[in-house]
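Hi,

Here is the structure I promised to pass on. Have a look at it first, and then read on for what turned up.

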Amino acid sequence: WLGVGASVFAHWLISSIVPLTSKGRALVGPSLAVLAVLARCYTAFEQCDQSDNWVLHDYGLGHLDPLPRNSILVVKGDIITNSIRYHQVCRGVRPDVRHLDQSMMTYEWYTPQQSKHLPGIKFPKGLYHPYKPNGYSMREFLLENALNEDEPTFLCGGWYHDEQEGGGIPGFILMPMGACDIILPQSEKIGFQRWAKLSKAVLPNATSYWPPAPGIFAIDTWEQVAMTDFWAMWHRRALHMLNEGIEKNNDQKILQSAVDAYEDILKACPEGGQLDYIIKNAGVAWGRLQRPESIDKMLYYFRKFVKSSAASPEEKREIKAVIKQYAKYSRNQK
């Protein structure tokens, strides 16, 4: 409709106002079109200029760079798939990493077209779809490809489809490892101390562009997703420590590691970028740790969560009840 309106306006302007020769009139329409484009470029240039935006560039590298050689990378999500594919296809980065998108694996064209680009990958049947006659499950795929220690398999973005009650794939576990999770047979879980050392070594480091400072990009942009993903990667490691410590009867050494991990995140993450669940879980970790300052630290993070969080009223009420219960034990009470 804008194009039709512009055409009518130009015709009216040419025929009614501009006293030019037929040749001059013929130039008015194109001239107006060029002026309209230039005006739009001038008014929107600052908003559209992405020449210094390297957020997704660094985001993709943050997934690829830390991976061991000859890794298999199973992913879900447009931002992960496309940022990784850009580096591999356009820039030739880490061609040794075999990158498979779970969503694309569900199409019949994927296996015949992509298998030649994925050396060593074995596809059990025609497509990834456990409910079709020619389909295979993720468990079948992992049994064929994820048992070689020299070619470790990683998951980024979560499973496309859970294959057991409670989530996940039968017979396999996930352990946070940098930007992704390493996929392991259930019987081969890495010991805590070794995992803690390995997982810290492959954590993505902040760059000049990633994560961007809070508030620079709108909440519905891929850059904002990249920012929250960066801190979520760090958080998954801390949360794994917290859950491991709780499962082992509040193991104090493991819980201390969890507290240290949460403190590292909150010190590195600027105000305004700290995610609600990180603040809340930092309080949970301190509450489980048996140290003189633990209650005060727990109360500090819980109060911060209640004050700044967009959590549900019910969740806030539960946290407020804990604050009320433990406030009398605080060393800072007046």
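This is a predicted model: local features need pLDDT of at least 70, side-chain atom pairs count only at pLDDT 80 or more; totals for chains, interfaces and linings use all residues.

Asn-249 has a relative accessibility of 72%, and the cut-off for exposed is over 50%, so Asn-249 counts as exposed. You'll find Asn-249 in the loop between H9 and helix H10 (252-268). Its phi is near 55°, a positive value in a residue other than glycine. Asn-250 also has a phi near 55°, again positive and again not in a glycine. Asn-250 sits in the loop between H9 and H10 too, but at 25% relative accessibility Asn-250 counts as partly exposed.

Another backbone detail is worth a look. Trp-210 and Pro-211 are joined by a cis peptide bond, with omega at about 0°. Pro-211 belongs to the loop between helix H8 (192-201) and helix H9 (222-247).

Now for the inside. As background, nonpolar side chains in soluble globular proteins tend to be buried together. Here the largest nonpolar core has 62 residues, and the members that touch the most others are Leu-73, Trp-195 and Trp-231. H9 supplies the largest share of this core, 9 residues. A separate core of 19 residues lies apart from it, and includes Val-74, Tyr-110, Met-138 and Ile-169.

As for Trp-195, Arg-237 lies over the face of its ring, at 5.9 Å from the ring centre.

Last, the aromatics. There are 16 aromatic pairs in the whole structure. In one of them, the ring centres of Tyr-110 and Phe-123 are 6.3 Å apart and the planes meet at 80°, so the pair is edge-to-face. The two residues come from distant parts of the chain, 13 residues apart: Tyr-110 is in helix H6 (residues 110-114), and Phe-123 is in the loop between H6 and strand S3 (127-128). Tyr-110 is buried, with a relative accessible area of 4%, and Phe-123 is buried as well, at 16%. Both also belong to one aromatic cluster, along with Tyr-107, Trp-109, Tyr-128, Tyr-136, Phe-141 and Tyr-160.

Over to you, and happy browsing!

Note on methods: Residues are numbered from 1 along each chain as its sequence is written. Side-chain values use heavy atoms; hydrogens and water are left out. Rings of Phe, Tyr and Trp (its six-membered ring) pair if their centres lie within 6.5 Å; planes under 30 degrees apart count as stacked, over 60 as edge-to-face and the rest as tilted. Helices (H or I, at least four residues) and strands (E, at least two) are DSSP runs, numbered from the N terminus. Buried means under 20% relative accessible area, exposed over 50%, partly exposed in between (1.4 Å probe, protein chains only). A charge sits over a ring if NZ of Lys or CZ of Arg is within 6 Å of the ring centre and within 35 degrees of the ring normal. A nonpolar core is a set of buried Ala, Val, Leu, Ile, Met, Phe, Trp, Tyr and Cys residues joined through side-chain atoms within 4.5 Å.
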